[in-house]
Amino acid sequence: SSADPRRLTGVEAVIDKDLASQLLAREVEADLLVMATDVDGVYSDWGTPKQRLLNMATPAELRALPFAAGSMGPKVEAAALFVEATGKRAAIGALADTEAIVEGRAGTQVVAD
């Protein structure tokens, strides 16, 4: 038997806000995707004595690093997807630094390869 096309069926789902944001930014043809968060940017070796702020990185460089799935991981992936799809810039940084992030002077700037 065929299902009634007018009948809606619910499913369990998780919608990641960062991945949804990059998709929306692409759909509206945004010039820049900024993800404001509670840290000043993306760090390599986070939480270790070797931690270092990444001022600028490509999607490939970011994907080569490990990031926590529940924190920076989705932001990094969203930034990478936006840059790869559009060739435009994405940035991740602290909410208080938004103006400087937009100007490219703060946060982590994600740019095309």
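Colleague: How are residues numbered, and which pLDDT limits apply?
Modeller: Residues count from 1 along each chain as its sequence is written, and side-chain values use heavy atoms, with hydrogens and water left out. This is a predicted model, in which totals for chains, interfaces and linings use all residues, local features need pLDDT of at least 70, and side-chain atom pairs count only at pLDDT 80 or more.

Colleague: Which residues of helix α1 are buried?
Modeller: Helices (H or I, at least four residues) and strands (E, at least two) are DSSP runs, numbered from the N terminus. Buried means under 20% relative accessible area, exposed over 50%, and partly exposed in between (1.4 Å probe, protein chains only). In α1, residues 17-27, the buried ones are Asp18, Gln22 and Ala25.

Colleague: Within what arc do the buried residues of α1 fall, seen down its axis?
Modeller: The arc is taken from the directions that run from the helix axis to the C-beta atoms. An α-helix has 3.6 residues a turn, so residues three or four places apart point the same way. The buried residues of α1 line one face of the helix, because they fall within an arc of 60°.

Colleague: Which exposed residues does the face of α1 turned away from its buried side carry?
Modeller: The buried side has cover that includes β1 (32-37) and α3. The face turned away from that side carries exposed Lys17, Leu24 and Glu27.

Colleague: Which residue caps the N-terminal end of α1?
Modeller: A polar contact is a pair of N or O atoms within 3.5 Å; within protein, one must be able to donate a hydrogen and the other to accept it, and residues adjacent in sequence count only if both atoms are side-chain atoms. Here a side-chain oxygen lies 2.9 Å from the backbone nitrogen of Asp18. The capping residue is Asp16.

Colleague: Where is Asp45, which has a positive phi although it is not a glycine?
Modeller: Asp45 has a phi of about 55°. At 39% relative accessibility, Asp45 counts as partly exposed. Its place is the loop between β2 and β3 (52-53).

Colleague: Is Phe82 buried or exposed?
Modeller: Phe82 sits in helix α3. Contact means heavy atoms within 4.5 Å. Leaving out residues up to four places away in sequence, Phe82 touches residues including Gln22, Ala25, Leu32 and Leu33. With a relative accessible area of 0%, Phe82 is buried.

Colleague: What distance separates the C-alpha atoms of Phe82 and Gln22?
Modeller: Along the chain, Phe82 and Gln22 are 60 residues apart. Their C-alpha atoms are separated by 5.6 Å.

Colleague: Which residues does Ala30 touch, not counting residues up to four places away in sequence?
Modeller: Ala30 is in the loop between α1 and β1. It is buried, with a relative accessible area of 19%. Ala30 touches Ala25, Phe82 and Lys88.

Colleague: With which side chain does the side chain of Thr37 make a polar contact?
Modeller: Thr37 lies in strand β1 and counts as buried at 17% relative accessibility. Its contacts beyond four places in sequence include Lys75, Ile92 and Ala94. The polar contact, at 3.3 Å, is with the side chain of Asp38.

Colleague: How much space lies in the largest pocket?
Modeller: On a 1 Å grid over the protein atoms alone, a pocket is an open set of points where a 1.4 Å probe fits, with protein on both sides within 12 Å along at least five of seven lines; lining residues have an atom within 4 Å of a point. Points are joined across faces, edges and corners, and the volume is the space filled by probe spheres set on them. The value is about 280 Å³.

Colleague: Which residues lining the largest pocket are the closest to its centre?
Modeller: β2 (43-44) and α3 (72-86) are the elements that give two or more residues to the lining. Of the 15 lining residues, the closest to the centre are Tyr43, Trp46, Phe67, Ser71 and Met72.
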